[in-house]
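Okay, let's get going, I'll keep this short. Have the viewer open and follow along with the side chains.

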Amino acid sequence: MRNLKTIIKNITICLVAVVCMVANYTMVADATEVIDGSAVAIIEIESYNVEGGMIEAGKNITVNLTLHNTSNSSNATSIIMTMSNATGSVLPAYGNSNQVYVGTISAGKKKEVSVPLTIGETYMGGAVDLSCQFDYLTSGARMNNVATIAIPVSGGSTLGVKSIDVNTHAIVNGKSLLSCSYINQSSSNITDAKLIIDGNVSSASKEISLDTVYAGKTYTQDFYVTFKEPGNQAINVTLQYTDVDGNLKTTDLGKFEVSVSKESVSEENADSISGVIGIAGKIVALIVLVIAAVSIVTFIKKR
């Protein structure tokens, strides 16, 4: 009788152990499936770059964000990005709000979003923090998460452009002023920096060398661009150089609209007046010559 009880007890214990093992395996398998499958989408800022040169008080910049959906199975839809700044040093550019409708980012995909911003008039510091909250739908549920980036004063560049200005009016084949202020923020000289002008300009204006930019030095220089045709001309200005690590760096400094005319009204008037004066002078000289000839003939006859 005791042997029978012992056998039943051992069988019961074995059965309980087997049930526990199976249950535990099922729970672990389910958990792994959820993790590996990324059941919900998460939106992250994978990278960013800044257009407009250095960060300065009152300056307009454009931040290009690369957003990434980390899920490999779920889309993120109806994405709204809300931007904020802890110190109030970053504001939406005029005509824009602090919310941007991003739309949909499919599973595992990326999307580029450009945000125009204005640096506050009271800004002082070495970097600007920008927080982006993402609200979206994924797998039938509403989700949100926040990502924050810190934009350095240089915009992430060794050679920082503080300002750039292009005259809005020009004359065909005339010299149009382009002013640029920049600083070398590294401890090494930069010898190959140049401005690349993309547009309907002369071949000599396509690339403008900045000469040697010495370490820690600030420069303000005037250059000239020559347009080949009249009309409303758009040019895009890019800074290109090799940094201290030997990497080729390219910074987009913006697009500029220039109204190019054939020639000024004053020049046309001057040409017309000059022509009239020339003809009038010839007529007067001819009249004087005729009068002189008649006077000479009359004088000879009297004698």
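So, Tyr182: buried or exposed? At 1% relative accessibility, Tyr182 counts as buried, where buried means under 20% relative accessible area, exposed means over 50%, and partly exposed is in between, with a 1.4 Å probe and protein chains only. Before I go on: this is a predicted model, so local features need pLDDT of at least 70 and side-chain atom pairs count only at pLDDT 80 or more, while totals for chains, interfaces and linings use all residues. Residues are numbered from 1 along each chain as its sequence is written, and side-chain values use heavy atoms, with hydrogens and water left out.

Back to the ring. Searching the whole structure gives 1 aromatic pair. It's Tyr182 with Tyr219: the ring centres are 5.4 Å apart and the planes sit at 15°, so we call the pair stacked. For the cut-offs, rings of Phe, Tyr and Trp (its six-membered ring) pair if their centres lie within 6.5 Å; planes under 30 degrees apart are stacked, over 60 edge-to-face, and the rest tilted. Tyr182 is in strand S11 (residues 175–184) and Tyr219 in strand S14 (residues 218–226), so this pair links distant parts of the chain, 37 residues apart. Helices (H or I, at least four residues) and strands (E, at least two) are DSSP runs, numbered from the N terminus.

There's also a charge over a ring: the charged end of Lys175 sits over Tyr224, 5.8 Å from the ring centre. That needs NZ of Lys or CZ of Arg within 6 Å of the centre and within 35 degrees of the ring normal.

Next, how many salt bridges does the structure hold? There are 2, each being a side-chain nitrogen of Lys or Arg within 4 Å of a carboxyl oxygen of Asp or Glu. Lys110 and Glu46 meet at 2.9 Å, N to O. Lys110 is in strand S6 (residues 110–119) and Glu46 in strand S1 (residues 43–51), so that bridge ties together parts 64 residues apart in sequence. Lys110 is exposed at 52%, while Glu46 is partly exposed at 37%.

The other bridge joins Glu207 and Lys194, 3.4 Å from N to O. Glu207 lies in strand S13 (residues 207–209) and Lys194 in strand S12 (residues 194–198), so here the parts are 13 residues apart in sequence. Glu207 is partly exposed at 46%, and so is Lys194, at 22%.

Last one, cysteines. The structure has 0 disulfides (cysteine sulfur pairs within 2.5 Å). Cys132 is buried at 0%, and Cys180 is buried at 1%.
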